[in-house]
Amino acid sequence: MFEARLLRSSILKKVLEAIKDLLTQATFDCDDSGIQLQAMDNSHVSLVSLTLRADGFDKYRCDRNISMGMNLASMSKILKCAGDKDTVTMKAQDNADTVTFVFESPNQEKVSDYEMKLMNLDLEHLGIPETEYSCTIRLPSAEFARICRDLSQFGESMVISCTKEGVKFSASGDIGSANIKLAQTASVDKEEEAVVIEMDEPVTLTFACQYLNYFTKATSLSPQVQLSMSADVPLVVEYRIQDIGHIRYYLAPKIEEEDS
Amino acid sequence: MGILGLSKLIADIAPQAIKEMEIKNYFGRKIAIDASMSLYQFLIAVRSEGAQLTSVDGETTSHLMGTFYRTIRLVENGIKPVYVFDGKPPELKAHQLNKRAERREEAEKELQKATESGDQAQIEKFNRRLVKVTKQHGEEARELLKLMGIPVVEAPCEAEAQCAALVKAGKIYATATEDMDALTFGATVLLRHLTFSEARKMPVQEFHLNSVLEGLGLQQQEFIDLCILLGCDYCGSIRGIGPKRAIELIKQHRSLEEILKNIDTNKYQPPEEWDYKNARRLFLEPEVTDPKDIEMKWTDPDEEGLVKFLCGDKQFNEERVRNGAKKLMKARTGSTQGRLDGFFKISTTPNPKRKAEEEKKNANKKVKSGRGRKPK
């Protein structure tokens, strides 16, 4: 028996919004420590890694480890049926081929349940090596979303370069070029508005804007976002979800052609 | 024309071996294309008002039109195509080729009949049946590809076999063809529908040989025997044995020799002087150029050369040709998107539950179309 209950359905709704454009289907791996999801997009350019810890749920029970393959478009449709203030409960029997979502309104007057068929997916697991990153940049998530949106008007790819002076995002294309520089904030009243840069070595990498724009769908989950970069390895974009876990996106950089 | 009914058999028994992909997922991949097959496709499909496109003096240009635009489409999606041309047909194929020639003659007669009676639909039908890729078509396509900066590989014998050898050697990612015998030749990844027109919105089907073998429960040698039993280009097959019976027999007896010993040869008559041993050898050790000796180089397109070759007599629109050349050029500049596969280690385990179900299904000897992994 698996049962997980969240007082605010909005968290789960937002999580789905943050992954459904990138993935069409994914496996939710549940054990007594919580729910994990790890999946690559079809072209194997990016990876989503989601962790929701058991202690972040209002009620969590998982007697036997289960892996539930879900069609994310269907799941998203179901979650759209929940009100933001509703309580959501996910339930499944051991070895079940369906999962049930129960939504309860705050005053308990309305209770709805939706059953969804599970998919038999191959379990794909990626071993992500522990990496020390040369640069980590923390910035307001809305700022990052804005930068990605603005720069994607100029070109398909965006160069992120991190130096002592700060971090520079740039793009160029047919209409011209664009550069956005952010310096570390000297003093801020609110922690969530800060730009914090930790750098051991300068790094410059190129990424596809399209994927970064998919990642910024997670903006509403967290006021801050953290970018981690090292030369020639995938970028990590991490959004912490308050009190319950995080969502991390990995993106393979663009590489210069060797010879062709 | 490949292996009779193999793709359907795989779809029924080992559906997880087929993945449906979008063309854009193949960016950065090197892919070998069976040239004669795609030329044939273009001759059939690239038409206007039912007739092939022609130059001023009536020479067909459909194959050039197809090669030019579809190749550009691949390149625009970041794919690096290599065209592999057939060499001399193997001796074993002579019989098959004779049969085809006979069929052409028949079609020709039918066409005459239809022309006399003025039946448009029939005329078109038999016209298409008469389509043949000639030497000249091949030569022109080679010249065009050279101008486009796309490498061409000359196979000593069957192009399929050469493609398969290139994939096996890891020189390229996959072979793109509609003929399933690429798998029989041992190509690890086969793509179908890659060169289809965009308008048809057909997803690319990706077949992985190892999952095919795993799904069918066969070794490569047994798989080759299965293909011979289904019907290949190089020898006849036993009458009265369809795909279902074929896979059952192979699973039970594991080789054609054993099957012949065990079946009632009066009921199921093998062809006279059945040369399955040579056909099998042809699949196992086809005549190919060692992939190590093959160099593939993608170069800049020759815009002026393309205009000179395609416009004028061949009646291509100059502006569109120049645009095409620019697209080819653009795809060569800039950086390519990396993949995570190179950074992280992927381990795929088939869903344990599904496996259990399948085992149960196989035990009951009931073969139903697979569940899960259905196209959306």
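This is a predicted model: local features need pLDDT of at least 70, side-chain atom pairs count only at pLDDT 80 or more; totals for chains, interfaces and linings use all residues.
**Aromatic rings, chain dimensions and a sheet**

I would like to begin with one residue, Tyr26(B), which is buried at a relative accessible area of 1%; buried here means under 20%, exposed means over 50%, and partly exposed lies in between, with a 1.4 Å probe and protein chains only. Residues are numbered from 1 along each chain as its sequence is written, chains are lettered from A and ligands numbered from 1 in the order in which they are written, and side-chain values use heavy atoms, leaving out hydrogens and water.

How many aromatic pairs are there over all chains? The count comes to 14, where rings of Phe, Tyr and Trp (its six-membered ring) pair if their centres lie within 6.5 Å, with planes under 30 degrees apart called stacked, over 60 edge-to-face, and the rest tilted. Tyr26(B) and Tyr173(B) make up a tilted pair, 6.4 Å centre to centre with 50 degrees between the planes. This pair links distant parts of the chain, 147 residues apart: Tyr26(B) sits in the loop between strand E1 (18–21) and strand E2 (30–34) of chain B, and Tyr173(B) in the loop between helix H7 (159–168) and strand E7 (174–176) of chain B. Helices (H or I, at least four residues) and strands (E, at least two) are DSSP runs, numbered from the N terminus.

Tyr173(B), for its part, is partly exposed at 24% relative accessibility. Phe68(B) and Tyr69(B) form an edge-to-face pair, 5.0 Å centre to centre and 75 degrees between the planes; Phe68(B) is buried at 0% relative accessibility, whereas Tyr69(B) is partly exposed at 23%. In chain A, ring pairs join Phe2(A), Phe57(A) and Tyr60(A) into a cluster.

Turning to chain B as a whole, its secondary structure comprises 16 helices and eleven strands. Its radius of gyration is 22 Å, close to the 21 Å that the globule rule gives for 376 residues, so chain B is as compact as a globular protein of that length; the radius is taken over C-alpha atoms, and the rule is 2.2 Å times the number of residues to the power 0.38. The C-alpha atoms fill a box of roughly 65 × 65 × 40 Å along the principal axes, and 48% of the residues of chain B count as buried.

Finally, chain A has an open sheet of five strands in the order E5-E1-E7-E8-E9, with antiparallel pairing, where two strands pair if DSSP finds at least two bridges between them. Strand E5 (59–62) and strand E9 (111–117) of chain A stand at the edges with a single partner strand each, so one side of each lacks a neighbour in the sheet.

Strand E8 (residues 98–104) of chain A pairs with E9(A) over seven bridges in the antiparallel sense, with Val99(A) opposite Met116(A) and Thr98(A) opposite Lys117(A). In the hairpin of these strands, which has six residues between them, Gln108(A) takes a positive phi near 65 degrees. Strand E7 (residues 87–92) of chain A also pairs with E8(A), antiparallel over five bridges, and here Thr87(A) stands opposite Glu104(A). As for its covering, six of the seven residues of E8(A) are buried.
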